[in-house]
Amino acid sequence: MRYETDVTVIGAGGAGMAAALSAHRNGADVILIEREEESGGVLNQCIHNGFGLHYYRKDLTGPEFKETLEEELATTNVKVLEGTFVLDVSKDKKITFVNSKGIHEVKTKALVMTTGARERHFNSLGIPGDRVSGIFTAGVAQKYINLQNLKPANSALIVGSGDIGLIMARRLHLEGIEVKGVVEILPYPGGLERNVQQCLRDYNIPLYLSHSVTRVEGKNRLDKVYVSQIDEAGRIVPNSERVFNVDALITSVGLIPSVKPVEFVRTGPGFITTNTNQTTADWIFAAGNCTVIFDLVDYVAREGEKAGKYAALYAKNEYVPEERITIKKGKNINIIHPSYIDPNESTKLYVRVSKVFQRAEITVEPLGIEIIEEEARPSEMIEIHIKSFKEKRIKEIEVSAHELG
Amino acid sequence: MNLVEYKKKKIICTNCPLGCKINLIYTDADEVEIIEAQGNTCKRGLEFAKQEITDPVRVVVTSVKVEDGEIPMTSVRSDKPVPLRLMEEIMDVIREIKVNAPVVKGDIIVENILNTGANIISTRTVNSRDSKSKEQKKLKENYDG
Ligand SMILES: Cc1cc2nc3c(=O)[nH]c(=O)nc-3n(C[C@H](O)[C@H](O)[C@H](O)COP(=O)(O)OP(=O)(O)OC[C@H]3O[C@@H](n4cnc5c(N)ncnc54)[C@H](O)[C@@H]3O)c2cc1C
Ligand code: SF4
């Protein structure tokens, strides 16, 4: 079958659903494609609350956030194709996808990529030891417990103190699995302070900062995990080894943006975009975790909404950017998103600093923007609003951070 | 003579993802009274702080088994926070529960759990096994039309 549409959205997570809705509201015909049988992406398995406080001004769980978006989608004529996998996106704006009815093709005017991110695997850490079962990524453990009613372990150690690791520590503990600790290689926790409190301290689960797994042992099933302290230079501190007797190691060591199957635009590692979510191919827009890893689905949904809007305007020839200004990472900045600004439109700039600050001053030059952040940490995304600035002749913008003390 | 002791504590407000760090000076002679608070971005942080010193409360989130559903579990939450000290007992009650599909978002699964005044409600919809296939058929028709 062949179809034609204004806007195609690939991936129906928080970003994709918001993008489809907003493209529709901006007058476009929209097809939303999702490979799973159910829309929602990671929202389905994130059964904890803490979503939606900015976007809906309500404290929602992941599934509630998703159903709220789904209810809005149901009132529109957006075509939602679930259980449908996108095979190919070609430069001449054709999208090939497959589902139980066969292979199909859509000719589209604009595309929004909202394909999310996948988890980094334990093997990528290069830790020596036996090849054993019992090592899962946090996302997989979360699916087992929250969606499939399986108990994957009796006792567990968690590697990585990002939000996913922290949330899984509490989840496993409350499911009666003994959580012997969370191991973090950095000297500060990777997740939100709130999650350190309500997931670890609330249940007296120890957090081992500046520690790393050095070896795993077991016959078939994991049996022992060796952990040592790491000094500032990244070396193992002698005689600091601890042994944990656990049958599961749950890893939460980062997410990698998924950009497949679009192969001809700039990535690094996620899609590089403008403030209007446009990639280096002007008809392809991108939003959510496939661009950069966001802390909050609220940001993801807002980005999706923006991508949907500009894609719809692009499809109607109502959005044609004239110039792009580069945004550069200055001193002490680890991540910056977006990478380019269309100065005619306003910008939400997302920044992660590269070290812990008591009191950080973040500057955006030459725009003269200064922001003070107390206890800024790499794990917390800082949001900076930039107004449109048509009148000024600016070629490049630099963001930097320094300690105020 | 005034023997009221001023105490200090740093708490993390878990009301919202901002997770403000609040430095408190308070007394708890009769009743908890906050003398000084620093670091809360909004007023809700103060209420949270007072509650946190008196008797911490949290929202429960977990899942419940579903019979004959399109998927084997539904996710649930408490419709208001419950005392943290009761968390394990509440989990023990919820773990034993089974409901029959269909379940709709907002359905009450356990009323007034352990007399806390909070209900355990479903946070998603789980259709029964046969209705899912109906819905899918509808979806495909939609897409063909
Ligand atoms: C464990 C965990 C806990 C979190 N906790 C919180 C929290 O407490 N509060 C909060 O606000 N945020 C939280 N977040 C963050 C937030 O949930 C995510 O950032 C957000 O939901 C990501 O949305 P997304 O749409 O970018 O990606 P996803 O939700 O990953 O969606 C991507 C979708 O694209 C589909 N897809 C990918 N490739 C293809 C293809 N080729 N064809 C078709 N479909 C495809 C996938 O199946 C998926 O459904 C958490 C995230 C995780 C993982
Ligand atoms: S004090 Fe207000 S802003 Fe800060 S975490 Fe609490 S509720 Fe959120």
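Let's start with a question: which residues around ligand 1 come nearest to it? There are 32 residues around ligand 1, and the nearest are Ala15(A), Glu34(A), Val42(A), Asn289(A) and Val297(A). Before I go on, please keep in mind that this is a predicted model.

Okay, a few of the ligand 1 contacts in detail. Ala15(A) uses its backbone here, with an N or O atom 2.9 Å from an oxygen atom of the ligand. With Glu34(A) it's the side chain, where an N or O atom sits 2.6 Å from an oxygen atom of ligand 1. And then there's His48(A), which has a polar side-chain atom 3.0 Å from a nitrogen atom of ligand 1.

Now over to ligand 2. What do we find around that one? The list is all chain B, and among the residues are Cys13(B), Cys16(B), Cys20(B) and Cys42(B), along with Asn15(B), Asn40(B) and Arg44(B). If you sort that shell by type, you get five nonpolar residues, five polar ones and one charged.

While we're on chain B, have a look at how it's divided up. The domain assignment gives domain 1, residues 7-54, and domain 2, residues 61-133. The centres of those two domains, taken over C-alpha atoms, are 31 Å apart.

So how do the two chains meet? Chain A brings 48 residues to the contact and chain B brings 36. On the chain A side, Glu67(A), Leu174(A) and Arg194(A) supply 15% of the area that chain A buries against chain B, more than any other three residues.

How many salt bridges cross between chain A and chain B? The rule finds five. One to look for on the screen is Glu375(A) with Lys21(B), where the closest N and O atoms are 3.6 Å apart. There are also ten residue pairs in polar contact between the two chains.

Which element of chain A gives the most residues to the side touching chain B? That's α2(A), with five.

Definitions and conventions: Residues numbered from 1 in each chain as written. Chains lettered and ligands numbered in written order. Predicted model: local features only at pLDDT ≥ 70, side-chain atom pairs only at ≥ 80, totals over all residues. Heavy atoms only, no water. Contact = heavy atoms within 4.5 Å. Buried area = accessible area lost by both parts, 1.4 Å probe. Salt bridge = Lys/Arg side-chain N within 4 Å of Asp/Glu carboxyl O. Polar contact = N/O pair within 3.5 Å; in protein donor to acceptor, adjacent residues only side chain to side chain. Helix = DSSP H or I, 4+ residues; strand = E, 2+ residues; numbered from the N terminus. Domains from an automatic or database assignment. Near = heavy atom within 4 Å. Nonpolar A, V, L, I, M, F, W, Y, C, P; charged D, E, K, R; others polar.
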